[in-house]
Amino acid sequence: MTSLKRKAITEDDEEAMDQPKKLPAIGRGHQSRPLQPTRNATNLTTSRLNGTTSRPLTRPQAPNLTTSRTTRGTSAPPTSSSSRSLYSSTRQPAKAPTTRKDLPIRTASGPTRCISEDDKKIQAIANKVDSWQSMHGNKLAGLEADMAAERSKVADLEANHNFLRKQLEDAKTQELLKQRELSNVSDEIEALKKRHARELKDLEFDLKREVTAAKDELANMKSRHARELMDLEMDVKKREREIQQLQEDLRLCRGDLERERETVSTLKSTISHQSNARIALGTENHALQSQKTALQTELDMYLATISSLNLKLEASQKEIDALKHETMEAETARRKLHNMVQELKGNIRVFCRVRPVLPSDIPSPETPPDSSSSGFDLAERLKEEMRANIAFPDRLDHKEIVVASSSESATGQERKEVYNFNFDRVFEPESSQAEVFEEISLLAQSCTDGYNVCVFAYGQTGSGKSFTMEGGPTATSSGMIPRAVEQVFRVAEELKRKGWEYKMEGQFLEIYNETINDLLGKGEFDKKKHEIKHDPKTNSTRVTDANVVPLHSPTQVRSLLAVAQSRRSVAATLMNERSSRSHSVFTLRISGHNVNTGERSEGSLNLVDLAGSERLNASGTAADKDRLKETQSINRSLSALGDVIAALGEKGEKGDKHIPYRNSKLTYLLQNSLSGNSKTLMILNLSPLAAHLNESLTSLRFATKVNNTTIGTAKKQVRTS
Ligand SMILES: Nc1ncnc2c1ncn2[C@@H]1O[C@H](COP(=O)(O)OP(=O)(O)OP(=O)(O)O)[C@@H](O)[C@H]1O
């Protein structure tokens, strides 16, 4: 039986190894099984006792029990419970009195001997039972020992089962890993499949494209061949036509040949005539030959004259070259003398320019003109009426201007006052831009010699400052700035022959309400905060964040001026006629280097269009807060300019005077161009109108003050490297 069980376990184990998932069932089976062997053992025992395998234990058969005693050695001991049941089942026939009824000896009417025999039999049976019981007690002990052995086996099996479970878990983990690997591999296979599908698609696409290209090429070749065929056909047709043409030509040539033959015969007759004529010509030729000899003699005479003239020309050319050289030297000397004269004159000069009365100055008449006078006469009459009493008595040197004013005295009498002013040059209303520039051209060009030059236009609003400085769009009306720039470029070009090379840069700034705006900035309206920086070593001035544009041609300067002008007009629309309320400063910096002598020069030309100089009450703007601020700022900066000029004049006398450049942005910006080392020109612009006479007088007085100031001697910024 043990071997059977073992075999069952071994089979189960093997099954468990093959099918790990079924193992828990084995465990459960184990717990329930311990009872089975007992029953089996009992059954086996019983079956062995009975000699059959199907008979149940509940049917006791006493005779078989005796037999079983002889075969007991091979039976497994029953468990205590089963042995009890077996015991009770085997004892049943002995105990049950009902069974005794069935016996024949139990007849109620039987003799007493019979009873004692029965008792004996019963006693014998009881003895048998006792002996059977003692025999089964041994069996029970054997069975218990078997049970203990079975339990230890069960424990072994459990340990085995645990070990197997662990193995199962490991196997599961392995399986999971394998599954994961499997899924990775299947992913890879999937990706590979996809890639292959893509590659296949690409290949198909390429193939299709190549097929299409090949088809296209085939179609192209076909069409090309068709074209070539057509061309060939046309060529053949053309050749045929040409052959026809040639045949026609041949036919015509034959006709021509016929005609030529006729001509030849005609010519032959002509030749005979010509030979006669040739003889006559030979005679004529002879006469001409003698004529030619005479002409040759004449030609030789002329050639001799020409060579002597050439010699004279060469001598003249040399003379011209020498004269040119002399002229150049004279020009250099003249420039030097000019600068010396300028230096001797002092470096502040004042010009005065009166603008003409403009049609826009004349108010439209309230009453229509009477028919007797023409429109032109009326305009002229009105102009005369409006014109202030300004005279220019110095017809020779043009240095004087006389202004007469008439006012009513307290007594009602007319009081006439005449004011005389003298300046370096006075320009009448008819003076052209060219005339004004002629006077300042040398000053402007001296910046190429390394001077700092500053030209101001001063005057009330509408007096012609912008017209003088910037001018109009035409060549005749262009102002001082474009003319000065052109002049500087021209001079720089001329000085190239002397080994000078110049680099020029331009900057255009506006000062409005003591704020600097870059008119060449990038945006439409400059919002940057600019600062003025001076370099005392080089006497140069720099404005932070202001655009300094390299200048290459006067045309470029003109377009820059246009840009600046448009930016000023943007500002003007934003700020209510701001252009006349701000100072504009155009600066041309020029640095030169003489490649022959190694000399270097640094000069600058500042052309300043000042803000309108009218006084606060005269402009009638006191009520407007912004305009009041503007006017105060303008007045402050203009009086700061006057103070600086006055201080420079005093410095000339005392030597150590403080110059208040920092009192305004304008004077601080122009510090290096106003100091004693530079050349300054103020152009005083005047309105010709009687209505502006008082403003004009104020301007004339200011300009006289400036004119009377003598400031040091201008100095060149030249160094030798
Ligand atoms: N010499 C002149 N010949 C002809 N027209 C002139 C002359 N001077 C000025 N004008 C004209 O007079 C008008 C006013 O001149 P301009 O604008 O130059 O004055 P301004 O003093 O610069 O004024 P603002 O301070 O407002 O800029 C302009 O129409 C200008 O063309």
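Biologist: Why does E514 count as partly exposed?

Modeller: This is a predicted model, and the call comes from counting neighbours. E514 has 13 C-beta neighbours inside 10 Å. Exposed needs 12 or fewer, and buried needs 20 or more. The value 13 falls in between, so E514 is partly exposed.

Biologist: Why does D545 count as exposed?

Modeller: D545 has 12 C-beta neighbours inside 10 Å. Exposed means 12 or fewer. D545 therefore counts as exposed.

Biologist: Where do E514 and D545 lie?

Modeller: E514 is in the loop between β7 and β8. D545 is in the loop between β10 (540–543) and β11 (549–551).

Biologist: What makes the phi of E514 and of D545 worth a remark?

Modeller: Most residues other than glycine have a negative phi. E514 is not a glycine, yet its phi is positive, about 65°. D545 is not a glycine either, and its phi is also positive, about 65°.

Biologist: How do you know that β7 and β8 pair?

Modeller: Pairing needs at least two bridges. Strand β7 (residues 500–512) and strand β8 (residues 515–518) are joined by four bridges, so they pair. They run antiparallel. I511 stands opposite I516 in β8. The hairpin has two residues between the strands, and N513 there takes a positive phi near 50°.

Biologist: What makes β2, β3 and β4 a sheet?

Modeller: Strands of a sheet pair through backbone hydrogen bonds. Here three strands form an open sheet in the order β2-β3-β4, with antiparallel pairing. Strands β2 and β4 are the edges, since each pairs on one side only. From one strand to the next, the twist averages 20°. Helix α17 (residues 693–707) packs on the sheet and touches β3 and β4. The direction of α17 makes about 140° with that of β3.

Biologist: Which strands pair with β1, and in what sense?

Modeller: Strand β1 (residues 348–354) pairs with strand β14 (residues 679–686) in the parallel sense, over seven bridges. R353 has N685 as its bridge partner in β14. Three bridges join β1 to strand β5 (residues 425–427), and these two run parallel. There, F351 partners R425 in β5.

Biologist: What makes β1 mostly covered?

Modeller: Seven of its seven residues are buried. On one side these are I348, V350, C352 and V354. On the other they are R349, F351 and R353. Both faces are covered. For the chain of 721 residues, 26% count as buried.

Biologist: What does C352 touch?

Modeller: The contacts of C352 include I401, F423, L684 and A703, not counting residues up to four places away in sequence. C352 is also one of the residues with the most contacts inside the largest nonpolar core. V455, V488, L684 and A703 are listed with C352 there. That core has 78 residues.

Biologist: How do you know that the length of α9 fits a helix?

Modeller: Helix α9 (residues 433–445) has 13 residues, which should span 18 Å at 1.5 Å a residue. The end C-alpha atoms are 17 Å apart, which agrees. Still, α9 has a kink of about 45°, centred on E439. Its buried residues include V436, F437, I440 and L443.

Biologist: How does the span of α11 compare with expectation?

Modeller: Helix α11 (residues 480–495) has 16 residues and reaches 22 Å from its first C-alpha to its last. Among the buried residues of α11 are M480, I481, V485, V488 and F489. V488 is also listed among the residues with the most contacts in the core.

Notes: Residues are numbered from 1 along each chain as its sequence is written. This is a predicted model: local features need pLDDT of at least 70, side-chain atom pairs count only at pLDDT 80 or more; totals for chains, interfaces and linings use all residues. The expected span of a helix is 1.5 Å times one less than its number of residues. The bend at a residue is the angle between axes fitted to the seven residues ending there and the seven starting there. A nonpolar core is a set of buried Ala, Val, Leu, Ile, Met, Phe, Trp, Tyr and Cys residues joined through C-beta atoms within 7 Å. Two residues are in contact if their C-beta atoms, placed from the backbone, lie within 7 Å. Axes are lines fitted to C-alpha atoms, for helices over the stretch in contact, and angles run from 0 to 180 degrees between N-to-C directions.
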